[in-house]
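Dear colleague,

I am handing over a structure that will be new to you, and I would be grateful if you could look through it alongside the notes below.

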Amino acid sequence: MPDEITADQEKLSDRLEGWLEGDQPKTLGNLIELFGEKSFAILFVLLMAVPALPLPTGGVTHVFEVIVMLLALELIVGRRLIWLPERFRRRELGPVAKKRFTDALLRRIRWLERHSRPRLGFLLSHRLSSVLFGVVVLILTVGAFVAPPFTGLDTLPSLGVVMISLGFLLEDSVLALAGLVIGIAGLVLVVALGTAVAKGVGSLF
């Protein structure tokens, strides 16, 4: 049985690597067709990995965050398959994002696959879990979206989304819980800094 679990986990990273290294266009629509019902978590990982990495992104993160918020709303209302406007389905990750995924994200996913294991997976397979998943992703992504620019404060909420999503994909509740803690810590920092800035501006008038 453990061998079957390991093989299934390796299949996730192998399929991702095959998609990233393949000749097909790296569009969101293409990825959705490949992963089916797992596309929600896969897209959360891929799209939020960009703001989760402490690297300059040129403003592309807001586009990705809007898409993630839309997908989170679909989970909340109970959709099992992703719907996206055609303009979003045609959107490509681009060579810069692809290189980051290949160099950083895939390496981290493989590390998690080696060290993670299914723990309390039944907590993540219930229908209500998908709704809560969507609510948490929506809240954390909004926090990343409103984080002051050039502060790096969007990193922790985004990383929380990535870890929670990987927890769902690997059926590891402990990993998902760790992502939730990191995401909440990030939200606290965003709110604290936002409050401090608001008070500072208010004191000028």
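What follows is a short account of what was found in it.

This is a predicted model, in which local features need pLDDT of at least 70 and side-chain atom pairs count only at pLDDT 80 or more, while totals for chains, interfaces and linings use all residues. Residues are numbered from 1 along each chain as its sequence is written, and side-chain values use heavy atoms, with hydrogens and water left out.

I begin with helix H8, which covers residues 127–146 (helices are DSSP runs of H or I with at least four residues, numbered from the N terminus). Its 20 residues should span 28 Å at 1.5 Å a residue, and its end C-alpha atoms are 29 Å apart, which agrees; the expected span is 1.5 Å times one less than the number of residues.

Glu171, in the loop between helix H9 (155–169) and helix H10 (173–202), counts as partly exposed at 43% relative accessibility, and its C-alpha atom is separated by 4.9 Å from that of Pro118, 53 residues apart along the chain. Val77, in the loop between helix H4 (60–76) and helix H5 (86–89), is exposed, with a relative accessible area of 65%, and lies 9.6 Å from Ser130, C-alpha to C-alpha.

With kind regards

Notes:
Helix = DSSP H or I, 4+ residues; strand = E, 2+ residues; numbered from the N terminus. Buried < 20%, exposed > 50% of the residue type's maximum accessible area, 1.4 Å probe, protein only.
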